[in-house]
Amino acid sequence: MSSIDKQKRLHFDVVNVGLRAQATAVGLVQLCVELRAAGVLPEAALTRIKDAIADEVSVAGPRRRDQQDYRREVRERLDQLFAGETRVGSAEALSFGERPDV
């Protein structure tokens, strides 16, 4: 089974469990921030977490966008979100390839 096939299977499993809620995502981000601040979560692990999220979002991304460009933009926004320093912008802007207003 290819990496993309595994990611698609995981996507459907996560959707079926109902883990698409913003509350779950906010909890995950906060957990990662807390663990990183406490020195429990190394940077390499946080990178893998953000990569897994970017892969998942890009699998379900708009088909009218280049998947690699879309994934790169998602990954950049995740860096901003997990850093808690920069306004990320709207999901609609991401779908259409616009840059966030900062």
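Guide: Start with a salt bridge partner. Asp-79 is partly exposed, because its relative accessible area is 33%. Keep in mind that this is a predicted model.

Visitor: Which side chain meets Asp-79 in a salt bridge?

Guide: First the general idea. Side chains of opposite charge can pair when their charged atoms come close. Here the partner is Arg-75, and the N to O distance is 2.2 Å.

Visitor: Where do Arg-75 and Asp-79 lie?

Guide: Both are in helix H4, four residues apart, which is about one turn of the helix. An α-helix has 3.6 residues a turn, so residues three or four places apart point the same way.

Visitor: Is Arg-75 buried or exposed?

Guide: Arg-75 is buried, because its relative accessible area is 13% and the cut-off for buried is under 20%.

Visitor: What does Arg-75 touch, not counting residues up to four places away in sequence?

Guide: Arg-75 touches Thr-47, Lys-50, Asp-51 and Ala-54. Helix H4 itself covers residues 67-83.

Visitor: Which residues are linked with Arg-75 in a network of salt bridges?

Guide: The network links Arg-75 with Lys-50, Asp-51, Asp-55, Arg-71 and Asp-79.

Visitor: How many salt bridges does the count come to?

Guide: The count comes to eight. One of them joins Glu-76 to Arg-72, with the closest N and O atoms 3.3 Å apart. Glu-76 and Arg-72 also lie in helix H4, four residues apart.

Visitor: Why does Glu-76 count as partly exposed?

Guide: Glu-76 counts as partly exposed because its relative accessibility is 30%. That value falls between the cut-offs of 20% and 50%. Arg-72 is also partly exposed, at 40% relative accessibility.

Visitor: Which residue forms a salt bridge with Glu-43?

Guide: The partner of Glu-43 is Arg-36, and their closest N and O atoms are 2.9 Å apart. Glu-43 is partly exposed, with a relative accessible area of 38%. Arg-36 is partly exposed too, with 35%.

Visitor: Let us turn to the inside. Is Ala-54 buried or exposed?

Guide: Ala-54 counts as buried, because its relative accessibility is 0%. Its place is in helix H3.

Visitor: What is Ala-54 in contact with, leaving aside its neighbours within four places in sequence?

Guide: Ala-54 is in contact with Arg-71, Val-74, Arg-75 and Leu-78.

Visitor: Which residues in H3 are buried?

Guide: The buried residues in H3 are Ala-45, Leu-46, Lys-50, Ala-54, Glu-56, Ser-58 and Val-59.

Visitor: How many residues has H3, and what span does it reach?

Guide: H3 has 17 residues. From its first C-alpha to its last it reaches 24 Å, close to the 24 Å expected at 1.5 Å a residue.

Visitor: Which residues make up the largest nonpolar core?

Guide: Look for buried nonpolar residues joined through their side chains. The largest such core has 10 residues: Val-29, Cys-32, Leu-41, Ala-45, Leu-46, Ala-54, Tyr-70, Val-74, Leu-78 and Phe-82. H2, H3 and H4 are the elements that give two or more residues to this core. H4 gives the most, with four residues.

Visitor: Now the outside. Which residues make a nonpolar surface patch?

Guide: Leu-31, Leu-35 and Val-40 make a nonpolar surface patch of about 250 Å². Val-40 counts as exposed because its relative accessibility is 57%. Find Val-40 in the loop between helix H2 (22-37) and helix H3 (43-59).

Visitor: How many helices and strands does the chain come to?

Guide: The chain comes to five helices and zero strands. From the N terminus on, the elements run α-α-α-α-α.

Visitor: What are the totals for burial and surface in the chain?

Guide: Of the 102 residues of the chain, 27% count as buried. The accessible surface comes to about 6900 Å², and 55% of that belongs to carbon and sulfur atoms.

Visitor: What share of the contacts with a separation of 6 or more comes from residues 24 or more positions apart?

Guide: Those residues account for 45% of such contacts in the chain.

Note on methods:
Residues are numbered from 1 along each chain as its sequence is written. This is a predicted model: local features need pLDDT of at least 70, side-chain atom pairs count only at pLDDT 80 or more; totals for chains, interfaces and linings use all residues. Side-chain values use heavy atoms; hydrogens and water are left out. Patches are made of residues with over 30% relative accessible area and no salt bridge: like charges are joined within 9 Å, nonpolar side chains (Val, Leu, Ile, Met, Phe, Trp, Tyr) within 5 Å. Accessible areas come from the Shrake-Rupley method with a 1.4 Å probe; for residues, only the protein chains shown count as cover. A salt bridge is a side-chain nitrogen of Lys or Arg within 4 Å of a carboxyl oxygen of Asp or Glu. Buried means under 20% relative accessible area, exposed over 50%, partly exposed in between (1.4 Å probe, protein chains only). Contact means heavy atoms within 4.5 Å. The expected span of a helix is 1.5 Å times one less than its number of residues. A nonpolar core is a set of buried Ala, Val, Leu, Ile, Met, Phe, Trp, Tyr and Cys residues joined through side-chain atoms within 4.5 Å.
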